[in-house]
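Colleague: I am new to this structure and would like to learn how to read a few of its local features. Could we go through them one at a time?

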Amino acid sequence: GEGEDPVVHMASLGIVGSHKINGVAALHSDLIKKTLFRDFYEVFPEKFTNKTNGITPRRWLRQCNRPLADLITSKIGEEWVTDLDQLKQLEEFVDDKSFMKKFVDVKQANKQRMADYIEENRGIKVNTKSMFDIQIKRIHEYKRQMMLTLYAITQYNRIKENPDGDFVPRTILVAGKAAPGYTMAKLFIKLMNDVGEKINNDPDVGDKLKFLFLENYSVTLAEKMIPSANLSEQISTAGKEASGTGNMKFALNGALTIGTLDGANVEIKEEEGDDNIFIFGNTVDDVDQLRREGYNPWDYYNANAELKKSLDQIRDGFFNDDKELFDPIIDSLLHKGDYFLILADYESYVNKQGEVDELYKDQKEWNRKALLNTARVGKFSSDRTIRDYADEIWDVEVEK
């Protein structure tokens with residue numbers, strides 16, 4: 001930069017000094033070219049490329065979910081471990097009753113293992129027949145753990161209003177770390193714990209809903225959580241997530257994704273097919289338009305009674321006697337413009353969760369789609385990612 005205090009922008013220096021610049025998902029790479037580094041892209045278009053992230057199938061299937069790995073190997077051999085595209089062969093078995101029964105039994109055993117961990121560590125019994133709905137990622141405003149929390153409150157309110165209603169039981173699990181100085185993230189964790197406390201101890205709710213923030217997130221805990229998931233929450237504000245890799249781990253282990261068109265969700269949708277993923281919310285272009293037109297969260301607050309009630313409960317001390325504790329959250333959502341558009345996406349999200357419930361009632365169809373998620377996720381192997389870097393950026397020979 002020029003001026004009295006000239007500064008060097010590290011990213012600019014990096015671009016000038018590098019022979020290649022890449023984003024880590026197709027959408028991310030596109031946004032870099034169109035927005036963040038548009039000027040540089042116009043000068044050096046040949047430098048810019050995309051390398052979609054990947055995950056290692058050794059850790060995130062073979063090690064963390066050995067029963068599923070063994071079941072897959074029994075049908076298609078072991079080559080998938082180093083060539084994840086081989087999983088496509090599993091599509092042949094979606095109508096094979098005996099295979100599907102084993103596939104479902106594996107998921108059930110993983111849910112039982114997770115439930116045992118929760119009971120042992122938290123003293124809470126969860127319903128292993130319920131849908132395991134899981135969000136794992138850093139605690140951050142853009143990743144919108146807050147929106148999942150609002151959904152949990154909404155479900156709680158619906159159950160309270162109609163205790164004999166036909167609800168699809170859910171166990172909502174959240175985990176992830178917050179940066180030490182990130183006050184808002186710490187406050188989200190406090191809110192999630194308080195909301196969970198209310199829901200998990202309410203006799204009207206019973207087995208229909210549980211909401212838990214699991215502390216001390218680690219790879220070891222992830223290896224229990226991911227294989228147990230039925231639903232994977234990938235709900236960042238469109239345009240904010242570079243790629244995500246948790247989304248890949250969940251799909252590989254037979255979970256369906258509910259997500260925005262953000263990061264690698266876009267490519268997961270392409271691979272899995274529109275019918276095997278739940279997409280909702282504003283797109284990158286919608287977000288831009290909303291901001292240009294002057295987004296006002298109050299419009300959404302006033303237009304949706306369930307949203308209003310949930311926010312009022314947080315504000316009025318329903319979840320914690322200290323009425324001022326969560327003021328910064330309410331402030332950011334209503335008085336400071338809701339930068340991450342939680343209120344704008346809330347209705348679309350809650351409606352999509354209704355579709356999730358409907359599908360879960362049809363277990364045969366749900367499990368079919370779960371297997372297709374595993375079968376079609378081969379592109380997202382880190383083996384492919386690293387091969388792409390080697391071929392197209394590093395220019396090194398990879399031994400086959």
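**Reading single residues**

Modeller: Let us begin with asparagine 230, which sits in the loop between α9 (219–228) and β6 (231–234); please keep in mind that this is a predicted model.

Colleague: Is asparagine 230 buried or exposed?

Modeller: A residue counts as buried when its relative accessible area is under 20%, and asparagine 230, with a relative accessible area of 5%, is therefore buried.

Colleague: Which residues is asparagine 230 in contact with, leaving aside its neighbours within four places in sequence?

Modeller: With those neighbours set aside, the contacts of asparagine 230 are Lys107, Lys111, Ser130, Met131, Phe132, Ala255, Leu256, Tyr360 and Trp366. For lysine 111 there is also a polar contact of 2.8 Å, which joins its side chain to that of asparagine 230.

Colleague: What should I know in order to read a phi value?

Modeller: The general idea is that most residues other than glycine have a negative phi. In this structure, asparagine 216 is not a glycine, yet has a positive phi of about 55 degrees, and aspartate 395, likewise a residue other than glycine, has a positive phi near 60 degrees.

Colleague: Where are asparagine 216 and aspartate 395 found?

Modeller: Asparagine 216 belongs to the loop between β5 (209–213) and α9, whereas aspartate 395 lies in the segment after α18 (382–394).

Colleague: Why does asparagine 216 count as exposed, and why does aspartate 395?

Modeller: The cut-off for exposed is over 50% relative accessible area, so asparagine 216 counts as exposed at 67% relative accessibility, and aspartate 395 counts as exposed at 68%.

Note on methods. Residues numbered from 1 in each chain as written. Predicted model: local features only at pLDDT ≥ 70, side-chain atom pairs only at ≥ 80, totals over all residues. Heavy atoms only, no water. Helix = DSSP H or I, 4+ residues; strand = E, 2+ residues; numbered from the N terminus. Buried < 20%, exposed > 50% of the residue type's maximum accessible area, 1.4 Å probe, protein only. Polar contact = N/O pair within 3.5 Å; in protein donor to acceptor, adjacent residues only side chain to side chain. Contact = heavy atoms within 4.5 Å.
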